[in-house]
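This report goes through one protein chain, from its overall build down to single residues. Please keep the sequence and the structure in view while reading.

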Amino acid sequence: VQLQASGGGLVQAGDSLRLSCAASGRTSSKYHMGWFRQAPGKEREFVNAIRWYDGDTYYESSEKGRFPISRDNAKNTVYLEMNSLKPEDTALYYCAARATASLRQTLTKDVNAYKYWGQGTQVTVSS
């Protein structure tokens, strides 16, 4: 599975961005897709995740309202809408994929559960 993230950039506080993650290769409806971010000097942290099968989502509670995740099955693409951006949102944003054994497996925020990772796209928010 190959993941290609795009859409990052330099924006001002309060602006919005939409990140995309295009998946190719041996994907299936049993996959989960997640967004993570890593700021300089900090650990990679979970943002949200979505299940290909039914679109069920799981959010890091602090970002649930600002960063909705969605998918387009026909395009094999997952999106991260980033609204009301803050300087503390500055980070390298990664998309990741997790292969699961069943269609309804519970989503997880565990970074170690995701086997496939994209290259990351930089989001920088100026004040």
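## Overall build

A residue is called buried when its relative accessible area is under 20%, exposed when that area is over 50%, and partly exposed in between. By this rule, buried residues account for 39% of the 127 residues in the chain. The model is a predicted one.

The chain has 11 strands and zero helices. Read from the N terminus, its elements follow the pattern β-β-β-β-β-β-β-β-β-β-β. Its radius of gyration is 14 Å, which agrees with the value near 14 Å that a compact globule of 127 residues would have. Along the principal axes, the C-alpha atoms occupy a box of roughly 45 × 25 × 25 Å. Of the contacts between residues at least 6 apart in sequence, 59% join residues at least 24 apart.

Strands of a sheet pair through backbone hydrogen bonds, in either the parallel or the antiparallel sense.

Cys21 has Val78 of S8 standing opposite.

## Strand S4 and its partners

Which strands pair with S4? One partner is strand S9 (residues 91-99), which runs antiparallel to S4 and is joined to S4 by eight bridges. Gln38 has Leu92 as its bridge partner in S9. S5 also pairs with S4, again in the antiparallel sense, over six bridges. Here Met33 is placed opposite Ile50 of S5.

S4 is mostly covered, with seven of its eight residues buried. The hairpin of S4 and S5 has six residues between the strands, and Gly41 in this hairpin adopts a positive phi near 80 degrees.

## Aromatic pairs

The structure contains six aromatic pairs. One of them is formed by Tyr31 and Tyr116, whose ring centres are 6.2 Å apart; their planes meet at 25 degrees, so the pair is stacked. Since Tyr31 belongs to strand S4 (residues 31-38) and Tyr116 to strand S10 (residues 116-117), this pair ties together parts that are 85 residues apart in sequence. Tyr31 has 8% relative accessibility and therefore counts as buried.

Another pair is made by Phe46 and Tyr58, with ring centres 5.3 Å apart and planes at 40 degrees, so the pair is tilted. Phe46 is part of strand S5 (residues 45-51) and Tyr58 is part of strand S6 (residues 57-59), so parts 12 residues apart in sequence are tied together. How do the two residues differ in cover? Phe46 counts as buried because its relative accessibility is 7%, whereas Tyr58, at 30%, counts as partly exposed. Both belong to one aromatic cluster, formed by Phe36, Phe46, Tyr58, Tyr94, Tyr114 and Trp117.

## Thr57 in strand S6

Strand S6 also includes Thr57. At 30% relative accessibility, Thr57 counts as partly exposed. Leaving aside neighbours within four places in sequence, Thr57 is in contact with Ala49, Ile50, Ile69 and Leu107. Ser29 lies 28 residues from Thr57 along the chain, and the C-alpha atoms of these two residues are 14 Å apart.

## Loop residues with positive phi

Which loop holds Asn76? Asn76 sits between S7 and S8. Although not a glycine, Asn76 has a positive phi of about 50 degrees. Its relative accessibility is 25%, so Asn76 counts as partly exposed.

Ser84 is located in the loop between S8 and S9. Ser84 is not a glycine either, yet its phi is positive, at about 45 degrees. With a relative accessible area of 42%, Ser84 is partly exposed.

Key: Residues are numbered from 1 along each chain as its sequence is written. This is a predicted model: local features need pLDDT of at least 70, side-chain atom pairs count only at pLDDT 80 or more; totals for chains, interfaces and linings use all residues. Side-chain values use heavy atoms; hydrogens and water are left out. Two strands pair if DSSP finds at least two bridges between them. Helices (H or I, at least four residues) and strands (E, at least two) are DSSP runs, numbered from the N terminus. The radius of gyration is taken over C-alpha atoms; the globule rule is 2.2 Å times the number of residues to the power 0.38. Buried means under 20% relative accessible area, exposed over 50%, partly exposed in between (1.4 Å probe, protein chains only). Contact means heavy atoms within 4.5 Å. Rings of Phe, Tyr and Trp (its six-membered ring) pair if their centres lie within 6.5 Å; planes under 30 degrees apart count as stacked, over 60 as edge-to-face and the rest as tilted.
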